[in-house]
Amino acid sequence: MFRTLSKLIVLALCYVVLANASSFAQDTAAQIETRLAGSHGRDWIYKKIVGFLGPGEKCEQGEKYRFKADHTLVITQCIDSRMHIETQDWSIESVDVLETHIKVGNNSYILRFWDTPKGHFMALRTKAIDKTQETTDKEFQLAEE
Amino acid sequence: MDEETKRRWDVRLGIVAPILTVVGLLVGVWQFNKGEENKTRLEYELLDRKDKIDFQRKLWLERLTIYKSIAEQAGKIAITDKNDKAFKGLVQTFDASYWGMMIFVEDPDVERAMIDFHDEIVDYQKGQSSEDKIKLRANNLVKACRKSVEPGTAP
């Protein structure tokens, strides 16, 4: 009787420990992919695209990344008053509790998400290798769908 | 052997013997000097090695003290809410160590853990990170510090 009771107590303690550990559990790669690209694709705005009125595809400024669910990324940038479109591949390299690594083209970044009352945000982070370097973030806001 | 030959040999020996004596003396002096030189060099090398070990030991002890201080700072930051009045002061103290004493003692693994913790604090202050992540980063930092001073690392 006492043995069974003690086993139950141990199991209950294990559950408590595991339940606490799960509070640090991270999203899976699939969940992160969905957050980034949705079911088809999502537009993330780096700089709002401002176009000129009139004919042609002239623009003033802007840059947006469209992460697609098929792991392609369409980068639309305004360069020299013209819209440039470039396509690259993306993939989630690794996921842990603290960092998600994403490969975009040939570059590797740390992928971060956060939400504010202003909207959903994402950043591609290039981490400093030593203290003399700077950690840089390229911050994007999710375009309204 | 006739008298003449004996006399010649005596003369030859009379000349060669002092030369040999002088050469022997010179070799002896040279050997003595060389020995003294080697002894002095070895003594200097020994002193130099002892100085280096003393310096490394002092640095290791200093590292241990600073790591303990950093572990305390990281722990305090990890358990303090960012809206708490004390939070800013704790971060300032950490930043002072980050750009100061830690550079003096940290190894590359600890430096990386410091950068990670520092970046996480910045994210947390901007509302882009969580208390849990700060705690995990603090945990990683303290573990990196511990690994850096594990038994066998002391000189």
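**Backbone and exposure in chain A**

Asp80(A) counts as exposed, with 7 C-beta neighbours inside 10 Å; a residue is buried if 20 or more other C-beta atoms lie within 10 Å of its own, exposed if 12 or fewer, and partly exposed in between, with C-beta atoms placed from the backbone. This is a predicted model, in which local features need pLDDT of at least 70, side-chain atom pairs count only at pLDDT 80 or more, and totals for chains, interfaces and linings use all residues. Residues are numbered from 1 along each chain as its sequence is written, while chains are lettered from A and ligands numbered from 1 in the order in which they are written.

*Loops and positive phi*

- Asp80(A) lies in the loop between β3 and β4 (82-95) of chain A; helices (H or I, at least four residues) and strands (E, at least two) are DSSP runs, numbered from the N terminus.
- The phi of Asp80(A) is positive, near 50°, in a residue other than glycine.
- His71(A), in the loop between β2 and β3 (72-79) of chain A, likewise has a positive phi, near 70°.
- Most residues other than glycine have a negative phi, and most peptide bonds are trans.
- His71(A) is partly exposed, because 14 other C-beta atoms lie within 10 Å.

*Strands of chain A*

- Strand β5 (residues 100-104) of chain A runs antiparallel to strand β6 (residues 107-116) of chain A, and 5 bridges join them; two strands pair if DSSP finds at least two bridges between them.
- Within this pairing, His101(A) stands opposite Ile110(A) in β6(A).
- The hairpin of β5(A) and β6(A) has 2 residues between the strands, and Gly105(A) in the turn has a positive phi of about 60°.
- β6(A) also pairs in the antiparallel sense with strand β7 (residues 119-126) of chain A, over 7 bridges.
- Arg112(A) has Ala123(A) as its bridge partner in β7(A), and β6(A) and β7(A) form a hairpin with 2 residues between them.
- Gly62(A) belongs to strand β2 (residues 59-68) of chain A and is partly exposed, with 16 other C-beta atoms within 10 Å.
- Between Gly62(A) and Gln141(A) the separation is 79 residues in sequence and 13 Å in space, C-alpha to C-alpha.

*Helix α1 of chain B*

- Helix α1 (residues 3-79) of chain B has 77 residues and should span 114 Å at 1.5 Å a residue; its end C-alpha atoms are 112 Å apart, which agrees. The expected span is 1.5 Å times one less than the number of residues.
- α1(B) is hardly covered, with 7 buried residues among its 77; these include Arg63(B), Tyr67(B) and Ile70(B).
- The cover over the buried residues of α1(B) includes α2 (85-98), α3 (101-105), α4 and α5 of chain B.

*Nonpolar cores*

- The largest nonpolar core has 20 residues, and Ala74(B), Ile77(B) and Phe117(B) are among those that touch the most other members. Such a core is a set of buried Ala, Val, Leu, Ile, Met, Phe, Trp, Tyr and Cys residues joined through C-beta atoms within 7 Å.
- α5(B) gives the most to this core, with 6 residues.
- Apart from it lies another core, of 13 residues, among them Trp44(A), Tyr65(A), Phe67(A) and Leu124(A).

*Contact between the chains*

- The contact takes 11 residues from chain A and 10 residues from chain B; two residues are in contact if their C-beta atoms, placed from the backbone, lie within 7 Å.
- On the side of chain B that touches chain A, α5(B) gives the most, with 4 residues.
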